[in-house]
Amino acid sequence: MELQNVIQMMIQASQRIEKATVEIHKMAREKAETEYEYRQALSQEIMKLKARGLQTTLVPDVARGNVADLKLARDLADGKYKSAVESLRALQSELNGLQTISKYQSEV
């Protein structure tokens with residue numbers, strides 16, 4: 001592998017890391033917003049069920065079932081965020097490897 005190719009690959013990896021960082025920030029916001037929406041809806045649903053006189057032991061399970069679509073959205077946003085963070089780590093590892101190769105080739 002030629003030094004010029006390694007340098008080009010390092011530049012590309014750095015650019016991908018920059019883009020990934022911006023996307024992760026967006027995903028973190030989406031994750032927080034979906035968590036907020038889920039918790040708000042869950043608390044409102046619990047209050048409605050209690051006001052209707054539903055048996056107290058059933059309220060949490062029924063409420064979670066009634067807002068399951070929001071919980072799904074929350075869980076998907078969380079999974080997407082965690083996946084993006086892992087991808088960023090992989091990109092950083094790739095860049096570290098390329099830097100090591102570059103250093104080795106510069107010394108040789």
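## Basis of the model

The model is predicted: local features need pLDDT of at least 70, side-chain atom pairs count only at pLDDT 80 or more, and totals for chains, interfaces and linings use all residues. Residues are numbered from 1 along each chain as its sequence is written, and side-chain values use heavy atoms, with hydrogens and water left out.

Helix α1 spans residues 3–51. Helices here are DSSP runs of H or I with at least four residues, numbered from the N terminus. Q15 has its place in helix α1. Its relative accessible area is 44%, so Q15 is partly exposed. The cut-offs are under 20% for buried and over 50% for exposed, with partly exposed in between (1.4 Å probe, protein chains only).

R29 and E33 also lie in helix α1, four residues apart, about one turn of the helix. Their side chains meet in a salt bridge at 3.2 Å, N to O. A salt bridge is a side-chain nitrogen of Lys or Arg within 4 Å of a carboxyl oxygen of Asp or Glu. R29 has a relative accessible area of 56%, so it counts as exposed. E33, at 38%, is partly exposed. Q15 and E33 are 18 residues apart in sequence, and their C-alpha atoms are 28 Å apart in space.

## E45: buried without a salt bridge

E45 lies in helix α1. E45 is buried yet has no salt bridge. The nearest side chain of opposite charge is K48, 4.3 Å away. For charge, Lys and Arg count as positive and Asp and Glu as negative; His and the chain ends are not counted.

What does the side chain of E45 make a polar contact with? The partner is the side chain of N66, at 2.7 Å. A polar contact is a pair of N or O atoms within 3.5 Å; within protein, one must be able to donate a hydrogen and the other to accept it, and residues adjacent in sequence count only if both atoms are side-chain atoms. Leaving aside residues up to four places away in sequence, E45 touches A63, N66 and V67. Contact means heavy atoms within 4.5 Å.

## Other salt bridges

The structure holds 11 salt bridges. Side chains of opposite charge can pair when their charged atoms come close. R64 is partly exposed, with a relative accessible area of 34%.

R74 forms a salt bridge with D75, the closest N and O atoms being 3.0 Å apart. R74 is at 17% relative accessibility, so it counts as buried. D75, at 38%, is partly exposed. Salt bridges that share partners join E35, R39, R74 and D75 into one network.

M1, M9 and I101 form a nonpolar patch on the surface, with about 270 Å² of accessible area together. M9 is found in helix α1 and is partly exposed at 31%.

G97 lies in helix α3 (residues 68–107). At 33% relative accessibility, G97 is partly exposed. G97 and V6 are 91 residues apart along the chain, and their C-alpha atoms are separated by 10.0 Å.

Two terms apply to the patch. Patches are made of residues with over 30% relative accessible area and no salt bridge; like charges are joined within 9 Å, and nonpolar side chains (Val, Leu, Ile, Met, Phe, Trp, Tyr) within 5 Å. Accessible areas come from the Shrake-Rupley method with a 1.4 Å probe; for residues, only the protein chains shown count as cover.

Methods. Helices (H or I, at least four residues) and strands (E, at least two) are DSSP runs, numbered from the N terminus.
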